[in-house]
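Open the model in a viewer and keep the selection tool at hand. The tour goes from one element to the next.

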Amino acid sequence: MKALELVRVLKTKLSEEIYTYDYNRETNKLRLTHKEIGKGIDISIPPILAKYETKKDQVIEEVVYTIHQTFQAMEKEKAGEIDPASSIFPVIRSTSFPLKSNEGNKFITKDHTAETRIYYALDLGSTYRLLDEKMLAAWNIRETEIRERALFQVRNLETNYKKDYVSENTFYFFNNNDGYDASRMLNESLLRDMKKIIVGDMTVSVPHQDVMIIGDIRNETGYDVLAQMTMHFFTVGTVPITSLSFIYENGDLEPIFIMAKNRVTKEKEDK
C-alpha cells in the first residue's frame, strides 16, 4: 500500500463531510481536521504503512478507532465535560516529541533522562489528553499538584509481568495495554523491588508507550539480545520512545551507549 492509497482508504471510513484532509508529501504526514470542532491531528504515514505489511486491515481499523477516540475527547473538552478531578497520569515520550500542541499551547512537561521526557495526561477511558498550560489555567490547578497526582496514580497501576529466559539472562515484560506501560518506569518502589530479584545488571527499556522491559543481564549475549529486542519493539510501536536501554543503579537511570562486548570487557578491567 502507498501513502495516497492509505489516505483514500481513510476517506472511505472518515467522511470528508466531517473532516478535511491535508497530506504533506515532504513530511509524509496527514493533517486531519474536524470541521465542527476546528481542531486537528497529525498522522505520520510511514509507521502505518510498515505495520500494514503484516497486520493488513487490522492496522487501518486501529488507526480509525484512535482518531475517533481522539476527536471525541476534543468534543468533550469543547463542551466543558472534562473533569479536572479525573485521573491524571504521567506519560513517557522521547525528547524529540513536540513541546506544544497543534494549537500552540505549551504542554506540561518535566525533564527525565537524556532520551526521555515526562508529559502529563488526563485519562479519558479509551484515550487520554495531554495537559497544557491553557488547560491548567482554566482549571486553576498548579503544575506541582498535577505532578503529585500523576505519581500517585502511576504507583497504583498493576505491576503484572511475563518472563522470558535467554542464555542465562531474564527479561521481564510489562505489557498491560492500558496506555501507561512505559510510565511504570516512574514507579520507584517497583524498580527497587525488581532490583532485589536481579542477579546481574538491571536494565530498563521503554522502546514504545505500551511496553516496559526490565532485564537481568548476566553476560554479553544478554546485551546483544536486549539491543535487538528494543530495536524491534521501537520500530513496531504505535508511539515509539527510544531504542536505547538504561542501566538502573542506585536509583538512577543511565542510557547504555556502548556495545555489549565492550561493556563486559570494561567491567572485567574494573575488577
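Two strands count as paired when DSSP finds at least two bridges between them. The model is predicted.

Start with the pair that this definition covers at β2 and β3. Select residues 39–44, which are strand β3; six bridges join β3 to β2, and the two run antiparallel. Pick H34 and then look across to β3, where K39 is the bridge partner of H34. Between β2 and β3 lie four residues of a hairpin, and G38 in the turn has a positive phi of about 80°.

Stay on β2, residues 29–34. L30, L32 and H34 make up its covered face, while K29, R31 and T33 make up the uncovered one. In a regular strand the side chains alternate between the two faces of the sheet.

Next select β1, residues 19–24, which pairs with β2 in the antiparallel sense over six bridges. D22 has R31 in β2 as its bridge partner. The hairpin of β1 and β2 also has four residues between the strands, and there N28 takes a positive phi near 60°.

Now go to helix α1, residues 3–13. Which residues are buried here? They are A3, L6, V7 and L10. These residues cover an arc of only 100° around the axis, which puts them on the same side of α1. Turn to the other side of α1 to find R8 and T12 exposed.

Last, show the open sheet of six strands, in the order β8-β9-β11-β10-β12-β13, with antiparallel pairing. Its edge strands are β8 (162–166) and β13 (252–255). From one strand to the next the twist averages 25°.

Terms used: Residues are numbered from 1 along each chain as its sequence is written. This is a predicted model: local features need pLDDT of at least 70, side-chain atom pairs count only at pLDDT 80 or more; totals for chains, interfaces and linings use all residues. Side-chain values use heavy atoms; hydrogens and water are left out. Buried means under 20% relative accessible area, exposed over 50%, partly exposed in between (1.4 Å probe, protein chains only). The arc is that of the directions from the helix axis to the C-beta atoms. Axes are lines fitted to C-alpha atoms, for helices over the stretch in contact, and angles run from 0 to 180 degrees between N-to-C directions.
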